[in-house]
Amino acid sequence: MDRKRISRGPKAARAVQGVHGSKAPPPAAGLRRDGRRPDQLRPMFAKTGTVSQANGSAFLECGAAKILCAVYGPRQLARTASSATAGSLSLDREMAAVLEQALTPAVRLDAYPKSSIQAYVLIIEADGDGAALAAAVTCAALALADAGIEMYDVLDPTHDEETGDCDQQHAQTGSVLLAYMPSLNQVTHLIQSGEISSSQCIKAVELCVDACSQIHAVTQEALSA
């Protein structure tokens, strides 16, 4: 594991477009609780190949949230479970159900019959503002791509894969989490929680899609490094 990089924290994080590294101003009208504008992203840093023993791995910083993911596989299933025509993707984390639902549509499981792909997600630090789950989806997708797992959203012929990016937007007392594949213009997962009007939900989805297009530049850079 690249402990030196992880210990440095978000001070060295790469700011995506529309993000400023300076201290956030006090919350004001029209701003989020952390002082960001509605269309302003958290500083983000991503790196692949951080766990040498895994087939693929990734580390992601998104604001104060720090996520590490390791992928093992594909591995052949035991004979008793080898009747499946497509492979399976499993994640070891309390949020595994959400992660699987968000990531499975982006993975070509039909290319791995009678096989299992396992991803282990570790939340090193959460920001307390709901970004950890969104960051975990992006980190797991990066680790899958780093492992050479075939995905429907391919970056280029060299099999560097694009990931389903994720961002979370708050509106009123609710929130919207969106997992999105920019190249295919497809949403793989959407979670709305809390109280939110239909118009605010639509606006939040639009903000998420725009944010994912910016996050894509960071994941692309991490996979090509």
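## Exercises on side-chain packing

Leu-91 touches Ala-96, Leu-99, Glu-100, Leu-103, Ala-119, Val-121 and Ala-140, leaving aside residues up to four places away in sequence; contact means heavy atoms within 4.5 Å. The model is predicted, so local features need pLDDT of at least 70 and side-chain atom pairs pLDDT 80 or more, while totals for chains, interfaces and linings use all residues. Residues are numbered from 1 along each chain as its sequence is written, and side-chain values use heavy atoms, with hydrogens and water left out.

**Exercise 1.** State which residues touch the most other members of the largest nonpolar core.

*Solution.*
- Step 1. A nonpolar core is a set of buried Ala, Val, Leu, Ile, Met, Phe, Trp, Tyr and Cys residues joined through side-chain atoms within 4.5 Å. Buried means under 20% relative accessible area, exposed over 50%, and partly exposed in between (1.4 Å probe, protein chains only).
- Step 2. The largest core has 45 residues, and Leu-91 and Leu-144 touch the most other members.
- Step 3. Helix 3 (residues 131–146) gives the most to this core, with 11 residues. Helices (H or I, at least four residues) and strands (E, at least two) are DSSP runs, numbered from the N terminus.
- Step 4. Another core, of seven residues, lies apart from it; Phe-45 and Leu-68 are among its members.

**Exercise 2.** Find the aromatic pairs in the whole structure and classify each one.

*Solution.*
- Step 1. Rings of Phe, Tyr and Trp (its six-membered ring) pair if their centres lie within 6.5 Å; planes under 30 degrees apart count as stacked, over 60 as edge-to-face and the rest as tilted.
- Step 2. The search finds two pairs. Phe-45 and Phe-59 are 6.5 Å apart, centre to centre, with 55° between the planes, and form a tilted pair.
- Step 3. Phe-45 belongs to strand 1 (residues 44–48) and Phe-59 to strand 2 (residues 56–62), so this pair ties together parts 14 residues apart in sequence. Phe-45 is buried at 17% relative accessible area, and Phe-59 is buried at 1%.
- Step 4. The ring centres of Tyr-72 and Tyr-120 lie 5.7 Å apart with planes at 75°, so that pair is edge-to-face.

**Exercise 3.** Determine whether His-189 is buried or exposed, and describe its contacts.

*Solution.*
- Step 1. His-189 is in strand 8 (residues 186–193).
- Step 2. Its relative accessibility is 13%, so His-189 counts as buried.
- Step 3. The residues that His-189 touches include Val-98, Gln-101 and Leu-177.
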